[in-house]
Amino acid sequence: MSYLRKNIAAMDGYVPGFQPPDEASWIKLNTNENPYPPSPQVIKAIQAATGDDLRKYPDAACRAGREAAAELYGYPVDWVIMANGSDELLNNLIRACAGEGEEVAYLHPSYSYYATLAAVQGAQIKTFALTESGDIMDFPERYTGKLFFLTNPNAPLGLRWQADDVGALADRCSGLLVVDEAYADFAEGNCLELVRQKPNVVVTRTLSKSYSLAGMRLGLAIARPYIIAALDKIRDHYNLDRLAQAAIAAALIDQDYFRECVERICATRQWFSIELDKLGYSVIPSSANYVFTSPPDQNGKRVYDALYQRKILVRYFSDPVLSHGLRISIGTQEEMERTLAALAEIG
Ligand SMILES: Cc1ncc(COP(=O)(O)O)c(C=O)c1O
């Protein structure tokens, strides 16, 4: 006999990207972290918050962060919520909208954590196949599930849909369309305006990638106030600690630093993609801080292993729709030059 709920006992846990213990000796391009440090303003703000005040609870409403995000994205404060990583919001959106046995959907391939979160709730999972040219297969005229997660730009392929196309998808959903914009800051457009235009669109963002703050666990969502109010009800009331709250406001305010880092990453991405093509690798044009690329022999595992031996860590997926290639995060220009030299050697 087990004390566990049946679905918990039966499900697999999510396996996050490998974080090697001897991090400094690797070129680490497997979890789409930002190669540049957080803004100096963020470090200052965190240092200023590490004092006697830590004995007190943080602001449960996370006002400073919410206000900074509202100002930056042009929405009223009650359309914004902060979270301990955008993963927390994805989880709470399922908790808020999908009861046991109800359906949530996402594309395959995309972020597989949605499936884990749904399984915890006992929700049913539906996937729609995505081709490498961005076609979504067999999406019904009307999708009646409770939630549809659209990772835009897609992870791991890096391709993206224009806001108009996403809006048309929203019109076909009876439930919420959650646009997971974890990588949108590296793209030329985003779907933020859709939140105002469509009653069922929610956009989630993270500070893990474009703001170099994966270690702080900071995410946010923009949605209609009644959805934000529901997410507010079910979250952990002190979900963001004092250091995270200090960091989020400082990060969102220092837009000059943010833009400079994002521009550098996009320039390196463009250079790296062109060089991969010269090596005979195929590359899906990317709107994110990684590229999905396949070697001429379509054997992702062979190249992954050879890079691993050279202490370069990238992401290989054994899933048959992805095993022909690799997802390689964009590091510094120097890291990518070394990776390219290794790939030239490996072939
Ligand atoms: C598509 C996608 N959504 C959400 C997340 C989670 O981001 P966070 O670090 O804010 O929890 C990731 C992280 O890799 C991601 O790739």
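**Figure 1. Placement of the two domains.** The centres of domain 1 and domain 2, taken over C-alpha atoms, are separated by 24 Å. The contact between them (heavy atoms within 4.5 Å) takes 26 residues from domain 1 and 28 residues from domain 2. Domain 1 comprises residues 6-30 + 256-346, and domain 2 comprises residues 40-254; these bounds come from an automatic or database domain assignment. This is a predicted model, in which local features need pLDDT of at least 70 and side-chain atom pairs count only at pLDDT 80 or more, while totals for chains, interfaces and linings use all residues. Residues are numbered from 1 along each chain as its sequence is written, and side-chain values use heavy atoms, with hydrogens and water left out.

**Figure 2. The interface between domain 1 and domain 2.** The two domains bury about 2200 Å² between them, and 64% of this is on carbon and sulfur atoms. Buried area is the accessible area (1.4 Å probe) that two parts lose on being put together, summed over both. Of the area that domain 1 buries against domain 2, Tyr-14, Phe-258 and Ser-287 supply 28%, more than any other three residues. Eleven residue pairs, both at pLDDT 80 or more, are in polar contact between the domains. A polar contact is a pair of N or O atoms within 3.5 Å; within protein, one must be able to donate a hydrogen and the other to accept it, and residues adjacent in sequence count only if both atoms are side-chain atoms.

**Figure 3. The side of domain 1 that touches domain 2.** Helix 1 (6-10), helix 10 (255-278) and strand 10 (290-294) each supply at least two residues of this side. Helices (H or I, at least four residues) and strands (E, at least two) are DSSP runs, numbered from the N terminus. Helix 10 gives the most, with seven residues.

Figure 4. A polar backbone atom of Ser-86 is 2.6 Å from an oxygen atom of the ligand, and a polar backbone atom of Asp-87 is 3.1 Å from an oxygen atom of the ligand. In the side chain of Tyr-183, an N or O atom is 2.7 Å from an oxygen atom of the ligand.

**Figure 5. The salt bridge of Arg-217 and Asp-87.** The side chains of these two residues meet in a salt bridge, with an N to O distance of 3.8 Å. Arg-217 lies in the loop between strand 7 (201-206) and strand 8 (219-222), and Asp-87 in helix 4 (residues 86-97), so the pair ties together parts that are 130 residues apart in sequence. The count of salt bridges comes to 19.

Figure 6. Asn-152 and Pro-153 are joined by a cis peptide bond with omega about 0°. Pro-153 lies in the loop between strand 5 (147-151) and helix 6 (163-171). The peptide bond from Ala-155 to Pro-156 is also cis, with omega near 10°, and Pro-156 is found in the loop between strand 5 and helix 6.

Terms used. A salt bridge is a side-chain nitrogen of Lys or Arg within 4 Å of a carboxyl oxygen of Asp or Glu.
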